[in-house]
Amino acid sequence: LTPEEMTKLTGLQHDLGLTPDEVAAFRVSAFLVAFAAAKEAGGAISADGEHELSTIRTFLSIPNAEIAPSLRELDHYRLLRNIHDGAVPVISVPGLLTQKGESPYWREAGAILEEKVVDRQYVGGSQGVSVRIMKGVSYRVGAQRGHLVSTTGVVPVSNGELVITSKRLIFVGTAKGFNIRLDKVLNLELHSDGVTVTDGNSKPHVVKFSDASNTDVVGAILSYAVNHFAV
């Protein structure tokens, strides 16, 4: 939206006799069209795109409350850009004892998942048929013992927070957790709603996030932290 275009639109509003209230009736829908157009192929919005949207929002005098979801999305994209540029956030994690030179970068609520037995039952058993031989005496034929079948499932075993620092990957949980130095991580697998961490000392740690909206942020910070690890 160039200055020339803004001048033209202002003149058109005057020529059509549109009041501010009449403009307000369509300003949000106009902004949302621009917002969708500003998204790149990967679904993100560049710094230039954000600047253009800010210009449009100012020109249309749109209150923040009317486009709150879009503004939160812009904050999300800006955070990702900053991380990719090396400007990771530094946060406070109450109760976390940090090591010398260690900075906490992110905390994400979630739960550790593990495969557990969720049900057991006997199957295949038969009571057979009772045949009477004489008064008070019977004989049961065809009876078979059943066998125990266990059903397993992946279930949450500890709720808490995944904390990413400049030196460690930590899960602080209600029942169990883990504390892995970043240079000991053998594999990181990011999922749509969580992450699997393998360090070689135990079975992989699977964490499912309570809210999947920040999964890409977690992935970006993990990538930065692992690639910039220093003892």
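This is a predicted model: local features need pLDDT of at least 70, side-chain atom pairs count only at pLDDT 80 or more; totals for chains, interfaces and linings use all residues.

Visitor: Why is α2 called roughly antiparallel to α3?

Guide: Helix α2 (residues 20-38) and helix α3 (residues 47-59) pack at about 175°, with axes 10 Å apart. Angles over 145 degrees count as roughly antiparallel, so α2 is roughly antiparallel to α3. The axes are lines fitted to C-alpha atoms over the stretch in contact, and angles run from 0 to 180 degrees between N-to-C directions.

Visitor: Which residues of α2 and α3 meet?

Guide: Phe 31, Ala 34, Phe 35 and Ala 38 of α2 meet Leu 53, Ile 56 and Arg 57 of α3; contact means heavy atoms within 4.5 Å. Six of the contact residues are nonpolar, none is polar and one is charged. Arg counts as charged, whereas Ala, Leu, Ile and Phe are among the nonpolar types.

Visitor: How do you know what the span of helix α4 should be?

Guide: The expected span is 1.5 Å times one less than the number of residues. The 17 residues of α4 (residues 68-84) should therefore span 24 Å, and the end C-alpha atoms are 25 Å apart, which agrees.

Visitor: Which residues of α4 are buried, and what covers them?

Guide: Buried means under 20% relative accessible area (1.4 Å probe, protein chains only). In α4 these residues are Ser 70, Leu 71, Leu 74, His 76, Tyr 77, Leu 80 and Ile 83. Their cover includes α2, α3 and α5.

Notes:
Residues are numbered from 1 along each chain as its sequence is written. Side-chain values use heavy atoms; hydrogens and water are left out. Helices (H or I, at least four residues) and strands (E, at least two) are DSSP runs, numbered from the N terminus. Angles under 35 degrees count as roughly parallel, over 145 as roughly antiparallel, 65 to 115 as roughly perpendicular and the rest as oblique. Buried means under 20% relative accessible area, exposed over 50%, partly exposed in between (1.4 Å probe, protein chains only).
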